[in-house]
Amino acid sequence: MRNLLITGGAGFIGSNFVRMMMAKYPDYRFVVFDKLNYRGNLQNLRDVAADPRYAFVRGDICDADAVARAIRDYQIDTIVNFAAETHVDRSIMDADAFVRTDVYGVYVLLEATRKFGLERFLHVSTDEVYGEVLEGASREDDPLQPRSPYAASKASGDLLARAYHITYGLPVIITRGGNNIGPYQYPENVVPLFITNAIDDQPLPLYGDGLQERPYQYVLDHCEGIDIALHRGEPGGIYNIGPDEQVQNIVMARKLLDLLGKPHSLIVHVLDRPGHDRRYALDCSRIKALGWQPQHTFDQALEKTVRWYVENEWWWRPIKSGEYRAYYQAWYGERLRQAAQGRSA
């Protein structure tokens, strides 16, 4: 593996992965392939843009010709697929893009892997494919029980990738990560949403009672796990990557407010979203057997994340306008109005 096509590489996890890999592997070349939808942002990669080992191609993974052209032009031997529609709330509002990108787009990449005889295809997935896990922790061979359109689309991509390995012998590896936090995460996700709202003394819209549990991990810990799976994983293998601890959302919200010196009264309990999974937890013994260990506790990860958003308003303030503002109002506006009425009643 020397020439890597990083699909979705201008997004949150993808851009952190590219930056980490470029620092670790001076002999590798990295081609970021991204359609630059609302979550893709070349500002995420501006610090490596001038490196001769880096190239960018604007394209959609659903476009087979564009994918094939990038593979030929850059002599790609490996694909790492981060490209996906990812936000559960948006999938509830409109699932169409999720089915196209997370299912058909994976099919296009698998076909390209088969056609060009690539050395490896690593598909980055999510713990949400397991559904809510009220007790214990999900193992890689557990049944997939997705409960949102987003999770169902990712589970479909996983099954397709697995089937291509079994049917065609493709060198496919699947990773399933816990909830990531860290630099360059689009602020519709709960942690950067809460941080940026709190900086501006705006309400933190917390779903339901806030007792949902999540395995929050620092994004670079996840990226290290993906790297280990890519280089040491077994073709056909599936690897969970996440921390051992789960944190309630209300605890997360209170801790980030404490880090910012803001009052807990900014937390506003709002109507829960449909089908909201109560708890996720991952058994990560397989990836640990390959040598991976997380390097950050939740508190360390949250502190680093809060500090980054405080110090990088240049990145997120322009995002929280335009399309983002329209989405926020459509999804949270009525919820916040109802919560305010309940408080005043």
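First, a term: contact means heavy atoms within 4.5 Å. This is a predicted model, so local features need pLDDT of at least 70 and side-chain atom pairs count only at pLDDT 80 or more, while totals for chains, interfaces and linings use all residues. Residues are numbered from 1 along each chain as its sequence is written, and side-chain values use heavy atoms, with hydrogens and water left out.

Start with Asp277. With residues up to four places away in sequence not counted, Asp277 touches Gly131, Glu132, Arg147, Gln212 and Arg214. Where does Asp277 sit? In the loop between strand S13 (267-270) and helix H9 (285-289). Helices here are DSSP runs of H or I, at least four residues, and strands are runs of E, at least two, numbered from the N terminus. Asp277 is buried, at 4% relative accessible area. Buried means under 20%, exposed over 50%, partly exposed in between, with a 1.4 Å probe and protein chains only. The Asp277 side chain makes a polar contact with the side chain of Arg147, at 2.5 Å. That term means a pair of N or O atoms within 3.5 Å; within protein, one must be able to donate a hydrogen and the other to accept it, and residues adjacent in sequence count only if both atoms are side-chain atoms.

Asp277 also lines the largest cavity, along with Val88, Glu128, Ser148, Arg273, Gly275, His276 and Tyr280. The volume of that cavity is about 30 Å³. On a 1 Å grid over the protein atoms alone, a cavity is a set of points where a 1.4 Å probe fits but cannot get out; a pocket is an open set with protein on both sides within 12 Å along at least five of seven lines; lining residues have an atom within 4 Å of a point. Points are joined across faces, edges and corners, and volume is the space filled by probe spheres set on them.

Next, the second largest pocket, at about 320 Å³. Of its 14 lining residues, the closest to the centre are Asn197, Gln202, Lys320, Arg325 and Tyr328. Helix H12 (residues 323-344) gives the largest share of that lining, 7 residues.

Last, the core. A nonpolar core is a set of buried Ala, Val, Leu, Ile, Met, Phe, Trp, Tyr and Cys residues joined through side-chain atoms within 4.5 Å. The largest has 41 residues, and Phe194, Ile195, Leu204, Met252, Leu256 and Tyr332 touch the most other members. H12 gives the most to this core, 7 residues.
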